[in-house]
Amino acid sequence: MSAHVTAARTAVAVSPHLDDAVFSVGGVLALLSRTGWRVRVVTCFTASVADPCPFALSTQLDKGLPADVDYMALRRAEDRAAQRRLGTLAPVHLPLPEAPHRGYRSAPELFTPPRPGDTAEAQLRQLLRPHLARADLVLAPQAIGGHVDHLLTARAAAATAPPSRTGWWRDVPYVARTPPPGAGLRRGVPGDAEDADAGEAGAGEADAGEVTVDIGAVLADKIAAARCYTTQLGFQFGGPRETGEVLSSVARSEALRTGASCRHGESLRTGRAARRLLEEPVRHGARR
């Protein structure tokens, strides 16, 4: 495929938090960037909050950060470093607060259905629409694990992204945990049985099955980018060294789970156009 064909193509990854896209689909992001795509990550919940509630404050104190540190500013800087490592465009950080700042007062509450009065999904639909409308490829979370921010992100993406051109990634690190809390797709995300029964318009285009992308050529780049999120590595993986071990293990497991011929893969449910884009250009790019 000639370079001038891919140069104009744009991929947008919709990440709930400042790390989810890289942890889950960083290999695909790196491959697309290598093959001339314009790749941008739009992260939904990134706002700094001046006076966090006790539970929200605890999420930085338990990582060894003092109370007077702007935790989200630090995480936004980590994300910019990670995106530079992958070769993507400068990331977009939407100004919405994470769930602990929206009335979810404990870790278990983060894995419950959205609270009455939580307007984040409606806000996300409005904020995401201009970023996704002209994208050739949209990447978004399946919300495996059931975290409320992931669920609301998935629903908002499903409502605003072109179904045929969307690929739904499997959320890491939740897919590495047995059993993950709230495992499986939730109502409002393509692939959910209730949506299929409802005969949602474009359902045939929205789900063309699962595709596994060979990320062996860029696995080291993904791991290096993931290690940029230094505030999260101990909590999510056990430390920098363990981060590489877990991400490598997940990539091997995904290739085995789907019966792919590659050794390390990232798997996505896709619309038809998204499947074509991921199967050919990315696979060819991995060989360059």
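Mentor: Before we start, helices (H or I, at least four residues) and strands (E, at least two) are DSSP runs, numbered from the N terminus. This is a predicted model, where local features need pLDDT of at least 70, side-chain atom pairs count only at pLDDT 80 or more, and totals for chains, interfaces and linings use all residues. Residues are numbered from 1 along each chain as its sequence is written, and side-chain values use heavy atoms, with hydrogens and water left out.

Trainee: Okay, which strand does Leu268 lie in?

Mentor: Look at residues 265-270. That run holds Leu268, and its label is strand E7.

Trainee: Is Leu268 buried or exposed?

Mentor: Buried means under 20% relative accessible area, exposed over 50%, partly exposed in between (1.4 Å probe, protein chains only). Leu268 has a relative accessibility of 0%, so Leu268 counts as buried.

Trainee: Which residues does Leu268 touch, not counting residues up to four places away in sequence?

Mentor: Contact means heavy atoms within 4.5 Å. By that rule, the list for Leu268 is Val25, Val28, Leu139, Gly167, Trp168, Trp169, Gly209, Glu210, Val211, Val213 and Leu278.

Trainee: On to the rings: how many aromatic pairs does a search of the whole structure find?

Mentor: Rings of Phe, Tyr and Trp (its six-membered ring) pair if their centres lie within 6.5 Å; planes under 30 degrees apart count as stacked, over 60 as edge-to-face and the rest as tilted. With that rule, the number of aromatic pairs in the whole structure is three.

Trainee: Phe23 and Tyr229 form an aromatic pair, so what parts does the pair tie together, and how many residues apart in sequence are they?

Mentor: The pair is edge-to-face, at 5.6 Å centre to centre with 80° between the planes. Phe23 lies in helix H2 (residues 20-34), while Tyr229 is in the loop between helix H9 (219-226) and helix H10 (230-236), so the parts tied together are 206 residues apart in sequence.

Trainee: And why is the pair of Phe111 and Tyr174 edge-to-face?

Mentor: The ring centres of Phe111 and Tyr174 are 6.0 Å apart. Their planes are at 75°, so the pair is edge-to-face.

Trainee: Last one: which ring does the charged end of Lys63 sit over?

Mentor: A charge sits over a ring if NZ of Lys or CZ of Arg is within 6 Å of the ring centre and within 35 degrees of the ring normal. The charged end of Lys63 is 4.7 Å from the centre of the ring it sits over, that of Phe235.
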